[in-house]
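This briefing covers pockets, helix packing and backbone exceptions. Keep the sequence and the 3D view open while reading.

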Amino acid sequence: MVNSRRRIHTVFFDAGGTLVDSPPFFEYFAMRVAPDLVERIAPVMQRRFLAMLRDETLPFAPVKALLACVIAEICAEFGLPDQSDRAAQYYRELFTQEATLYDDVLECLGRLRATGKRLIIVSDADADVLHAELEHFGIHDYFDNFVISSDVRGYKPGRAMAEAAAAFCPEPRSGAVFVGDEAVDVLTARKMGVGVVIVRNSRGEELGADYVLGSLSELFSVIE
């Protein structure tokens, strides 16, 4: 792991798990579909959803469409009433009504803006839901640009997302970091040619991050 502080001009942020906390994604949808079958349904939903989302050979589909497809399959297989038409509602509710902003986010974003940093969101999401989520938590206007999978028509760590994000990064690339919480964030950052900070994930060093932090309040110990 690199220990020296970096002089930074641009910070890319993942949203879910980095800025915003929410109930476990697949358990939440399984609970809405069949509360008595959560332990059986959630792992199946996760495998199928992620397989479709990460398969770049498939035509692009937004998160709401992927969820609707998986929910329809699950309902058919388990003999449940089809709730696929509620996928969009459940998705929006999860990230606007059930989610919460991490306590360290506002102070971190405020300090970054005060020091002239360029802030950019890079998120696997549907644009309408993500913008509503960021507006709901009062952090939308901190960001200069948004790289969102439904706009780019691709998901992290695919080339389309990495290239779209990199287009917002001025030289030198060494003056930018990607702050996220998962392996896909590390992979995306590497494709962009920028540093990577993993927060809220003790496996960050194992994932290949340059810095592993417990919270965003620690970010200023590694960048300037």
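What volume does the second largest pocket have? The second largest pocket has a volume of about 260 Å³. The largest pocket comes to about 790 Å³. Both values come from a predicted model.

**Largest pocket**

- The lining of the largest pocket consists of 32 residues.
- Nearest the centre of the largest pocket lie Gly16, Phe25, Phe95, Asp124 and Glu182.
- Six elements each give at least two residues to this lining: strand 2 (20–21), helix 1 (25–33), helix 2 (38–54), helix 4 (87–98), helix 6 (127–136) and helix 9 (183–192).
- Helix 2 supplies the largest share of the lining, with five residues.
- The lining of the largest pocket divides into 18 nonpolar, five polar and nine charged residues.

**Second largest pocket**

- The second largest pocket has 19 lining residues. Leu53, Asp55, Glu56, Gly154 and Tyr155 lie nearest its centre.
- Helix 2 and helix 8 (159–166) are the elements that give two or more residues to the lining of the second largest pocket.
- By class, the lining of the second largest pocket has 11 nonpolar, two polar and six charged residues.

**Helix 1 with helix 4**

- The axes of helix 1 and helix 4 are 11 Å apart, and the two helices pack at an angle of about 125°.
- Helix 1 is therefore oblique to helix 4.
- Helix 1 and helix 4 make a right-handed crossing.
- From helix 1, the contact uses Phe25, Tyr28, Phe29 and Arg32. From helix 4, the contact uses Ala87, Gln89, Tyr90, Tyr91, Glu93, Leu94, Phe95 and Glu98.
- The contact of helix 1 with helix 4 has eight nonpolar, one polar and three charged residues.
- Phe25 and Phe95 belong to this contact, and both are among the residues nearest the centre of the largest pocket.

**Helix 1 with helix 2**

- The axes of helix 1 and helix 2 come within 8 Å and cross at roughly 125°.
- That angle makes helix 1 oblique to helix 2.
- The crossing of this pair, helix 1 and helix 2, is right-handed.
- On the helix 1 side, Phe25, Phe26, Glu27, Phe29, Ala30 and Met31 take part. They meet Val38, Ile41, Ala42, Met45, Gln46, Phe49 and Leu50 of helix 2.
- The contact of helix 1 with helix 2 divides into 11 nonpolar, one polar and one charged residues.
- Phe25 and Phe29 of helix 1 meet helix 2, and Phe25 and Phe29 also take part in the contact with helix 4.

**Helix 2 with helix 3**

- Helix 2 and helix 3 (residues 63–77) have axes that come within 10 Å and cross at roughly 140°.
- Helix 2 and helix 3 are therefore oblique to each other.
- Helix 2 crosses helix 3 in a right-handed sense.
- Helix 2 brings Ile41, Val44, Met45, Arg48, Phe49, Met52 and Leu53 to the contact. Helix 3 brings Val63, Leu66, Leu67, Cys69, Val70, Ile71, Glu73, Ile74 and Glu77.
- The contact of helix 2 with helix 3 has 13 nonpolar, no polar and three charged residues.
- Ile41, Met45 and Phe49 of helix 2 take part here, and Ile41, Met45 and Phe49 also meet helix 1.
- Leu53 is part of the contact with helix 3, and Leu53 is one of the residues nearest the centre of the second largest pocket.

**Backbone exceptions**

- Most residues other than glycine have a negative phi, and most peptide bonds are trans.
- Which residue has a positive phi although it is not a glycine? Arg153 does, with a phi of about 65°.
- Arg153 lies in the loop between helix 7 and helix 8.
- Lys156 and Pro157 are joined by a cis peptide bond, with omega about 0°.
- Pro157 is in the loop between helix 7 (149–152) and helix 8.
- Another cis peptide bond joins Glu171 and Pro172, and its omega is about 0°.
- Pro172 sits in the loop between helix 8 and strand 6 (176–180).

Conventions. Residues numbered from 1 in each chain as written. Predicted model: local features only at pLDDT ≥ 70, side-chain atom pairs only at ≥ 80, totals over all residues. Heavy atoms only, no water. 1 Å grid on protein atoms, 1.4 Å probe; cavity = no way out; pocket = protein on both sides within 12 Å on 5 of 7 lines; lining within 4 Å. Points joined across faces, edges and corners; volume = space filled by probe spheres on them. Helix = DSSP H or I, 4+ residues; strand = E, 2+ residues; numbered from the N terminus. Nonpolar A, V, L, I, M, F, W, Y, C, P; charged D, E, K, R; others polar. Axes fitted to C-alpha atoms, helices over the stretch in contact; angles between N-to-C directions. Parallel < 35°, antiparallel > 145°, perpendicular 65-115°, else oblique. Left-handed = near helix turned anticlockwise from the far one by under 90°. Contact = heavy atoms within 4.5 Å.
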